[in-house]
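Hi everyone, thanks for coming. Let me put the structure up on the screen, and then I'll walk you through some parts of it.

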Amino acid sequence: MCLAIPGRVEEITSDGVIRMGRVNFGGVVKRVCLDYVPEVEVGDYTIVHVGFAISKIDEQTARETLDAFRAMGVLDEELASEEEVLARAAARPQSPCPDGSCSISPQVPEPAKN
Amino acid sequence: MKYLNEFRNGEIAQRMAREIRQAATRPWKIMEVCGGQTHSIIKNGIDQMLPASIEMVHGPGCPVCVTPLELIDKALAIAAQPGVIFCSFGDMLRVPGTEGDLFQAKGNGADVRIVYSPLDAVELAAKNPDRQVVFFGVGFETTGPANAMSVHVAKRRGIKNFSVLVSHVLVPPAIEAIMSSPGNQVQAFLAAGHVCSVMGYWEYPPLAERFKIPIVVTGFEPLDLLDGIRRAVIQLEAGRHEVENAYPRIVRYDGNQAAQKLLAEVFEVTDRAWRGIGVIPRSGWRLSEDYRDYDAEQRFQIAGIHTQESALCRAGDVLRGAIKPSECAAFGKECTPRHPLGATMVSSEGACAAYYNYGRFISAEELAGAGSRN
Amino acid sequence: MQDTEKAAPDFSSWSCPLPLEGYPTIVMGHGGGGKLGNELVEHLFLPAFRNPALENLGDAAVLELGSGRLAMSTDSFVVQPLFFPGGSIGELAVNGTVNDLAVSGAEPKFLSASFILEEGFPLAQLAAIVKAMAEAAATAGVKIVTGDTKVVERGHGDGCYINTAGVGLLRSGLSVGPHRARPGDVILVSGTLGDHGMAIMSVREGLEFESQIRSDCAALNGMIAAVLEAAGPAVHAMRDPTRGGLASTLNEIATSSGVGVSIDERALPVRPEVHSACELLGLDPVYVANEGKAVFFVAPEAADGVLELLRAHPLGRDAARIGKATAEHPRMLVARTQMGANRVIPLQIGEQLPRIC
């Protein structure tokens with residue numbers, strides 16, 4: 001549940017009853033209800049679900065989260081080669097039954113791989 | 001798109017996956033509650049990146065899947081009435097009722113329209129005063145504020161030809177029901193990030209404490225999901241059972257106060273039937289007394305609905321994580337995406353549809369592995 | 001919310017202007033084959049589609065096609081709204097059939113155009129559509145040589161439906177077809193994906209949004225001829241990914257040829273705005289319709305050459321190599337995701353619908 005995407009508030013208006021705005025999602029602009037995010041101003045980023053902004057994106061926190069993500073596992077990279085890791089992950093096909101309990105007949109495997 | 005693409009970085013994802021592989025020393029079953037998270041996991045192949053010992057159990061966080069059959073049948077009955085414009089989110093259009101779905105109803109002449117926002121339905125009502133506009137208000141807490149606002153606006157503008165068929169469901173009671181069900185194997189939860197952006201996450205510590213499970217508020221992009229899973233695994237390995245917020249750029253402990261205020265005004269908690277699971281007490285919302293006039297069930301008084309769930313369908317067991325889709329006798333035979341028996345085969349993030357589409361693809365590796373484990 | 005480009009007909013040259021000027025909309029009589037119908041042909045269709053075969057106004061057009069094998073294709077066009085950013089039902093009707101012929105390895109030559117109009121449909125809109133068809137036909141180098149008009153009662157049609165059928169001459173020495181892809185073939189796409197479908201969405205009632213997205217509707221026969229000229233037998237399969245998008249086309253070829261298809265999602269060319277619009281509505285660009293793109297399965301040794309050729313063509317500037325056919329996972333389309341994992345992309349059941357979940 002909950003397809004909500006981040007967008008930048010370009011304009012704030014009122015339709016007489018509720019606070020509305022125009023929000024820019026990477027070049028696509030949509031009219032959005034901003035009544036639930038009174039603290040949001042033009043230039044702020046907000047997360048929008050079915051035409052309603054439900055939360056302001058805290059940009060500072062977003063940056064901190066990204067920095068933390070970027071820092072993850074960086075030291076370990078010296079131990080395993082990047083290619084090795086990527087190759088292993090890429091070669092693994094998608095399987096919904098990691099414990100092999102699927103009763104669906106599998107494809108006959110190809111003996112040779114590039 | 002800013003604040004989206006950065007959280008889809010493949011290199012960082014690989015590193016995070018490695019961290020999870022290193023952290024996990026034992027098998028764990030983690031449930032992500034939200035259908036949107038399931039969709040993202042499958043679309044990005046997140047579950048493939050995890051070690052085989054970590055199993056993601058896809059939870060009932062898909063309003064499409066859990067909307068009671070009776071309500072679908074009521075929706076179909078209302079849509080078929082002359083003069084009705086029936087508005088819905090796209091997700092609901094192919095969910096099978098006892099006889100057909102909304103898409104087929106449209107084909108039979110019903111005026112069924114897809115809208116992006118419930119406010120669009122209110123506008124339609126304003127523009128078509130001689131028609132009855134009904135909006136199919138499904139969703140979890142995330143969609144609550146939107147649906148509440150639509151009714152609130154209709155009331156304030158004096159728009160009388162608008163009503164909502166309400167089928168709201170709540171996450172914390174679902175978690176409770178799952179954890180309490182006999183044979184439950186779920187050991188940790190990824191709480192739905194956008195639900196929590198509205199409601200906060202103050203409801204989860206009592207659940208974590210009572211059932212001794214870690215609950216991690218998680219987002220939807222690959223890096224967010226991997227981080228949520230990573231934190232859950234670390235807690236599981238350490239024997240901790242706390243509530244963590246892995247989506248702090250959007251979610252705050254108290255949630256959205258403005259939204260909660262209107263929700264309290266427009267909705268009240270009620271018992272709800274979850275398709276395939278049964279009635280979970282106090283697990284849904286219905287319109288409050290002040291707004292009852294806008295309730296489509298009341299306005300249309302549909303009687304004589306004889307719901308009949310397919311006897312073969314085991315969607316409920318799948319939704320609770322009790323069985324895998326492949327363990328259902330009808331899976332792939334009587335029940336396929338083209339001819340679904342239940343909602344979990346219809347919805348793009350329904351576990352059954354996912355297994356059907358992806359289960360055909362098993363490599364030699366997996367085969368060999370499976371062979372040796374038998 | 002329709003972006004209608006109205007080109008009002010110039011009634012001054014019409015021999016019997018009164019009936020038409022008195023009826024700025026289509027009436028039942030226009031489909032009757034009588035005076036009103038003739039007015040339409042003489043003053044709207046003929047001037048627009050001007051060519052000798054049409055002007056004979058026989059029951060059938062008599063054509064010279066040369067010797068060789070013929071290809072024939074037909075398609076009906078029922079798009080709503082009729083006018084959208086980047087085009088209209090008119091261009092679609094011409095280019096759609098031209099492209100079906102072109103991807104079959106034929107040089108499109110002649111088209112028929114049949115209209116089913118709803119009583120009350122504004123003449124000005126019909127004129128705009130016909131003008132667009134004439135321009136598209138001229139650009140594609142094809143002639144519209146025969147046609148028909150029928151009118152249905154108000155409420156029994158969406159304004160305007162068009163059917164076009166086309167014939168073309170097959171190039172000799174070619175054996176291109178969806179069943180001819182082989183393991184090892186390189187898969188090329190001629191440009192960005194999802195433009196048309198999202199342009200339609202942007203003006204679709206209930207879902208509309210503001211953007212610069214325009215339909216990519218275009219005739220591909222020139223670009224394809226250049227590719228076949230240069231690479232000929234090295235091109236094993238060609239398709240234009242219309243309804244159902246790239247995913248449907250690749251699945252069809254995979255099934256037809258019995259090969260597996262493996263693509264890299266990072267290589268798929270998608271305009272940022274199209275990507276954003278898809279995110280907004282919960283749609284996957286691989287399933288979104290295109291009307292001016294082609295997919296090629298090319299023998300590996302010829303791939304670089306074809307790619308360069310495409311990029312040199314105005315319609316192929318954003319051409320890209322997106323994957324290959326393989327002997328593994330036959331009849332399945334598998335994509336490497338941005339995360340480095342694999343996902344199967346199945347055939348969609350029905351139209352992709354916007355979602356909130």
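Let's start with a definition: I'll call two residues in contact if their C-beta atoms, placed from the backbone, lie within 7 Å. By that rule, the contact between chain C and chain A takes 24 residues from chain C and 17 residues from chain A.

Before going on, some housekeeping. This is a predicted model, where local features need pLDDT of at least 70 and side-chain atom pairs count only at pLDDT 80 or more, while totals for chains, interfaces and linings use all residues. Residues are numbered from 1 along each chain as its sequence is written, and chains are lettered from A and ligands numbered from 1 in the order in which they are written.

Back to the contact. Which elements give two or more residues to the side of chain C that touches chain A? They are helix H9 (272–281) and strand S13 (342–344) of chain C; helices (H or I, at least four residues) and strands (E, at least two) are DSSP runs, numbered from the N terminus. H9(C) brings the largest share, seven residues. By type, that side of chain C has nine nonpolar, eight polar and seven charged residues. Here Ala, Val, Leu, Ile, Met, Phe, Trp, Tyr, Cys and Pro count as nonpolar, Asp, Glu, Lys and Arg as charged, and the others, Gly among them, as polar.

Now, confidence. The predictor gives the complex an ipTM of 0.90 and a pTM of 0.88. For single residues we use pLDDT, the predictor's confidence in each residue, from 0 to 100. Chain C has a mean pLDDT of 90, with 94% of its residues at 70 or more. Over residues 1–7 of chain C, though, pLDDT is below 50, and this stretch has 21 contacts in the model beyond near neighbours in sequence. Residues 14–20 of chain C also stay under 50, with eight contacts beyond four places in sequence. Where pLDDT is low, the predicted coordinates should not be read in detail.

Staying in chain C, look at strand S4 (residues 106–118). Ten of its 13 residues are buried, meaning that 20 or more other C-beta atoms lie within 10 Å of a residue's own, with C-beta atoms placed from the backbone. S4(C) pairs with strand S6 (residues 160–170) of chain C, antiparallel, over eleven bridges; two strands pair if DSSP finds at least two bridges between them. With strand S5 (residues 143–152) of chain C, S4(C) pairs in the parallel sense over nine bridges, and C:Ser114 stands opposite C:Asp148 there. From S4(C) the chain passes through helix H5 (residues 123–140) of chain C to S5(C), in a right-handed β-α-β crossover. Right-handed means that, with the strands pointing away from the viewer, the path from the first strand over the helix to the second runs clockwise.

Over to chain B. How many residues of strand S5 (residues 132–139) of chain B are buried? Eight of the eight, so S5(B) is largely enclosed by the rest of the structure. Strand S3 (residues 84–88) of chain B runs parallel to S5(B), joined by four bridges, with B:Cys87 opposite B:Phe135. S5(B) also pairs with strand S6 (residues 162–169) of chain B, in the parallel sense, over seven bridges, and B:Gly139 has B:His168 as its bridge partner in S6(B). Together with helix H8 (residues 144–156) of chain B, S5(B) and S6(B) make a right-handed β-α-β unit.

Note on methods:
Buried ≥ 20, exposed ≤ 12 C-beta atoms within 10 Å, placed from the backbone.
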